[in-house]
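Trainee: Could we go through this one together before I set anything up? I'd like to start with what the terms mean.

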Amino acid sequence: MSKNVIDNEIKETYTKMTLNWCKDNLGINNRKRSELKLIIRHTERKKGKYILYGSYCFYKNRIIIYLPNCLTFYDIVSTIIHEYTHYLQSRTKYETYQKTHFYSTNPLERQAKRNELKYTKVCLKEIRKILKGQLIIQ
């Protein structure tokens, strides 16, 4: 196995730890009727010419992450933070903006992107500190 390839088990660990970090640091959406679910896929996903790292489904209240598309720990953590931000947002507002804005100008997508940029390195640092204490650091 090449040094540059990240083991799926470690990717899953980072995914779950990031979700826990989000719950602890970004809060819980109390408007949801069901508990947030995390789905980890071991298949690639594309939408047209775009590679999908993850998605959030408002209707099923679940985050899906596509591990083969996430090549780095940064990809994993930023994707979970991005999708978790959508979990915290209003579905009604999202749908309204989706009709009137391009993806890149949708205020709720922009908020999710800002959260990625603001929190990814902080979250990675905390995860690595925990894993270092458990001697599982990557």
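Mentor: Let us begin with burial: a residue is called buried when its relative accessible area is under 20%, exposed when that value is over 50%, and partly exposed in between. Please keep in mind throughout that this is a predicted model.

Trainee: Okay, so is His86 buried or exposed, and why?

Mentor: His86 has a relative accessible area of 4%, and because buried means under 20%, it is classed as buried.

Trainee: Where does His86 sit, and what is it in contact with beyond its neighbours within four places in sequence?

Mentor: His86 lies in helix H2, and, with those neighbours left aside, its contacts are Tyr56, Phe58, Tyr94, Leu108, Glu109 and Ala112. There is also a polar contact of 3.1 Å between the side chains of His86 and His82.

Trainee: Which residues is Glu116 in contact with, if I skip neighbours within four places in sequence?

Mentor: With those left out, Glu116 is in contact with Ser78, Ile81 and His82. Glu116 itself is found in helix H4, which covers residues 107-133, and at a relative accessible area of 10% it is buried.

Trainee: Switching to the aromatics, how many aromatic pairs turn up in the whole structure?

Mentor: A search of the whole structure gives six aromatic pairs. In one of them, Tyr56 and Tyr87, the ring centres are 6.2 Å apart and the planes stand at 75 degrees, so the pair is edge-to-face. That pair links distant parts of the chain, since Tyr56 is in strand E4 and Tyr87 is in helix H2, 31 residues apart.

Trainee: And what kind of pair do Tyr84 and Tyr87 form?

Mentor: Tyr84 and Tyr87 form a tilted pair, with 4.8 Å from centre to centre and 50 degrees between the planes. Because these two residues are three apart in helix H2, about one helical turn separates them. Both Tyr84 and Tyr87 are buried, and Tyr56 is buried as well.

Trainee: Which residues do the ring pairs link into a cluster?

Mentor: The cluster linked by ring pairs is made up of Tyr56, Phe58, Tyr84, Tyr87 and Tyr94.

Trainee: Now the largest pocket: how much space lies in it, and which residues lie nearest its centre?

Mentor: The space in the largest pocket comes to about 1,100 Å³. Its lining has 32 residues, and those nearest the centre are Leu52, Gly54, Glu83, Tyr103 and Glu109. By class, the lining is made of 13 nonpolar, ten polar and nine charged residues.

Trainee: Which element gives the most to that lining?

Mentor: Helix H2 gives the most to the lining of the largest pocket, with seven residues. The elements that each supply at least two lining residues are strand E3 (50-51), strand E4 (54-57), helix H2 (73-88), helix H3 (91-100) and H4.

Trainee: Last one, where is Ser90?

Mentor: Ser90 is placed in the loop between H2 and H3, and at 27% relative accessibility it counts as partly exposed. The side chain of Ser90 reaches the backbone nitrogen of Lys93 at 3.1 Å, while the backbone nitrogen of Thr92 is 3.4 Å from a polar atom of that side chain. Leaving aside neighbours within four places in sequence, Ser90 is in contact with Arg31, Phe58 and Leu108.

Methods:
Residues are numbered from 1 along each chain as its sequence is written. This is a predicted model: local features need pLDDT of at least 70, side-chain atom pairs count only at pLDDT 80 or more; totals for chains, interfaces and linings use all residues. Side-chain values use heavy atoms; hydrogens and water are left out. Buried means under 20% relative accessible area, exposed over 50%, partly exposed in between (1.4 Å probe, protein chains only). Contact means heavy atoms within 4.5 Å. On a 1 Å grid over the protein atoms alone, a cavity is a set of points where a 1.4 Å probe fits but cannot get out, and a pocket is an open set with protein on both sides within 12 Å along at least five of seven lines; lining residues have an atom within 4 Å of a point. Grid points are joined across faces, edges and corners, and a volume is the space filled by probe spheres set on the points. Ala, Val, Leu, Ile, Met, Phe, Trp, Tyr, Cys and Pro count as nonpolar, Asp, Glu, Lys and Arg as charged, and the others, Gly among them, as polar. Rings of Phe, Tyr and Trp (its six-membered ring) pair if their centres lie within 6.5 Å; planes under 30 degrees apart count as stacked, over 60 as edge-to-face and the rest as tilted. A polar contact is a pair of N or O atoms within 3.5 Å; within protein, one must be able to donate a hydrogen and the other to accept it, and residues adjacent in sequence count only if both atoms are side-chain atoms.
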